[in-house]
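My notebook for this one is open. I'm jotting down what I looked up, entry by entry.

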Amino acid sequence: MSITQVSPELEHDIQKVFESDSAALKEFRGNAQQRYQELPEPHFDRSSLENRIYSFIPIEANEPTDWQKAVESLVDLNGEHPLLVFVDDRLVHLGGLENLPNGVTVKTLREAAQEANVVALLGSVVPVNENKWIALQSAFWQNGVYIHAPKNAVMPGVIQVVHLTTQKGRGTFPRNLIVADANSQLSVLDLYVASDEVEEELHIGITEVIAAEGSQVSYGVITNFPKQTTSYWVRRAKAARDSRVDFTVGELGEGYTIGEFGSLLEGEGSSSNGHAVALGTGRAHMDLTAKMVHVAKFSQSDTSARGVMQGRADGVYRGVTHIQKGASGAVGEQSERLLMLSPKSRADAIPMLLIDENDVKCGHAASVGQISEEQLFYLMSRGISEAEAKRMVVWGFLDPVLAALPVDRVRQAVVQILERKMN
Amino acid sequence: MANIPELAIHGLQASVEGKEILRGVNLTVRGGEVHAIMGPNGTGKSTLASSLMGHPKYQVTAGSAMLDGEDLLAMKVDERARKGLFLAMQYPSEVTGVSNANFLRIALNSRRGEGNEVPVLKFHKELQSKMKMLSMDPSFAERYLNEGFSGGEKKRNEILQMAVLQPRIAILDEIDSGLDIDALKIVAQGVNELRGPELGVLIITHYQRILDYVKPDYVHVMMQGRIVRSGGQELAEELEARGYDWIKEELGIVDETVSAGV
Ligand SMILES: Nc1ncnc2c1ncn2[C@@H]1O[C@H](COP(=O)(O)OP(=O)(O)OP(=O)(O)O)[C@@H](O)[C@H]1O
Ligand SMILES: [Mg+2]
């Protein structure tokens, strides 16, 4: 991959985008750009970007127009929950922040990164040099949300963030940083969508969560990009002693997607649960990984994923539980169940247990299959038509994950998207 | 056209995975009647039930089955159900994420047809009263369909479905297996409540026990994929007392299962 060759004028525009950044952030970006030049293409056993067509120039987008409708199909613009809306990396809406508890900060990451101590946290969970794409994103990210809950703060409600892409060719590089200090609690729901005209767009998204001792963070993320987009995302948390981080992940995109979520369980007694749902439609390619790394003693993780592939969609789901030496007493559970609805769809579940410690408990369940003939027969034997019976089985299959989505309005929106795509 | 339900089976032959199982079954079940089919393991009893309901694994190769004068075998599974056929299965499926109540409401509305849906509140009231009749905890309405139900709870749930859907012909495949005596009485009582001229019942069982509570009008014995003997309640009692060997002897059958003579 490469950044499109740019003329001196464009180069000037690119520089201008990042001109107002703090010295610390400029240094971070410069370093990342260098890593990007040096690092080899990352290797994924089931995905490759080599044949994808896209180009991007990280310039500022035009003033967005007419974004309300797309956003309102997902969230209430003036609902009870805090809401930030970014359109092509510009903040266009910031509401519902009146009732934040004392000391809680919710602002754009760009603004927050004026402070060197915030910049110091960038890359502390997802290292800049992890791979070429992460380095690229770290160099050119334009915006996202920064959330900081101080010690003991309990955030009511759910902070909603919408990232809408409407212009192609820029590269969409949203980045979020969530910091929960000791014993604080917060819940975030992060939504990524793009208008259908956005083709051949490259999206790289990074979310870093830093959960301090005893804190509780719930992070939900839904992605729905149109076909021909290329999307790579990493949502990762670092969990300190007795903290808990829960993920709810929905991948509904129709393009080429590689995504990874999970926690580094670095503190004793830390825990992380995940629910994931994937729907592959059309010619979607999905290469998804849930990765739980147990570093500390008595750390716990439990992830369950459900995927439905239809049309010619191709889905791979890896459940990685890595228990490192020293993490005695750790408990790691993963389960993934994938359903293929059409003869041309493909689905693979790849369980991976990497265990370097003796005294641990690990479990794994994986299944890939079609709708069970017995279930269909059973439902139809009660007078339910075949089409309706299939619908019931598929929705039932997804229900446990949908039920875990924290905001009713968003759950309904996701159900609507699923309904539209499954017809 | 009589309003009395009638299932008429003539010379029914069926196979599964190319293996011939049913070898000519003749049987007529009418409204108001209770028939029992008994027989050792592997003699084709469940195959008869599945073939009548239209399970895709079972191919009918000859014979006919008519429900109220209409060709049952030409219908899809769901159509058979909507015409009034019901099968309480030996091994009911579990369906995650679909609540029992929701499933039953959709099934009932499918049976009643578009424009004739049952009002939601009325449905829930009737469902609860039927669950009460079967001594089912109200929470079973909201649980996922059969998921995590014990063997006995699944059987009760089958009878609940029958009570809600009010079929014209009901086939109960081993509805008594795995039930303790109290549960058996409850299930039997549930069946008896529904007995009447509007319903014909075919009970498949190994044990005479349930027939003490649901008195059959006719008892049939199945061996080698055929009905080899028919009689009244006294036949069931005789089987209970003497086992099946005497019938085998009388008929000169050595191996009663369908694998014999293939
Ligand atoms: N789906 C199937 N696939 C393969 N063989 C089958 C299938 N269903 C039935 N059979 C075979 O058909 C024969 C009859 O089975 P069936 O289930 O009808 O017997 P049954 O009389 O109901 O026995 P039981 O009393 O044990 O329930 C058996 O040999 C069985 O193995
Ligand atoms: Mg049987």
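This is a predicted model: local features need pLDDT of at least 70, side-chain atom pairs count only at pLDDT 80 or more; totals for chains, interfaces and linings use all residues.

**Entry: ligand 1**

I began with ligand 1, where an oxygen atom sits 2.8 Å from an N or O atom in the side chain of B:Asn41. That falls under my rule for a polar contact: a pair of N or O atoms within 3.5 Å, where within protein one must be able to donate a hydrogen and the other to accept it, and residues adjacent in sequence count only if both atoms are side-chain atoms. I also found a nitrogen atom of ligand 1 lying 2.8 Å from a polar side-chain atom of B:Tyr58. At B:His206, a side-chain N or O atom is 2.7 Å from an oxygen atom of the ligand. I looked up the cover next: ligand 1 has 630 Å² of accessible area on its own, and the protein covers 71% of that (areas by the Shrake-Rupley method with a 1.4 Å probe; for residues, only the protein chains shown count as cover). I listed 18 residues around ligand 1, and among those that come nearest are B:Lys45 and B:Thr47 (near: a heavy atom within 4 Å).

Residues are numbered from 1 along each chain as its sequence is written, chains are lettered from A and ligands numbered from 1 in the order in which they are written, and side-chain values use heavy atoms, with hydrogens and water left out.

Helices (H or I, at least four residues) and strands (E, at least two) are DSSP runs, numbered from the N terminus. B:Gln90 is buried at 18% relative accessibility, while B:Ser46 is partly exposed at 25%. The cut-offs are under 20% for buried, over 50% for exposed and in between for partly exposed (1.4 Å probe, protein chains only).

**Entry: B:Ile21**

I found B:Ile21 in strand S2 of chain B, buried at 6%. Leaving out residues up to four places away in sequence, B:Ile21 touches several others, including B:Gly44 and B:Thr47 (contact: heavy atoms within 4.5 Å).

**Entry: A:Lys421**

Is A:Lys421 buried or exposed? A:Lys421 is buried, with a relative accessible area of 10%. Its side chain makes a polar contact with the side chain of A:Asn224 at 2.8 Å.

**Entry: aromatic pairs**

I counted nine aromatic pairs over all chains. Rings of Phe, Tyr and Trp (its six-membered ring) pair if their centres lie within 6.5 Å; planes under 30 degrees apart are stacked, over 60 edge-to-face, the rest tilted. A:Phe44 and A:Trp133 are stacked, at 5.7 Å and 15 degrees. A:Trp133 is buried at 2%.
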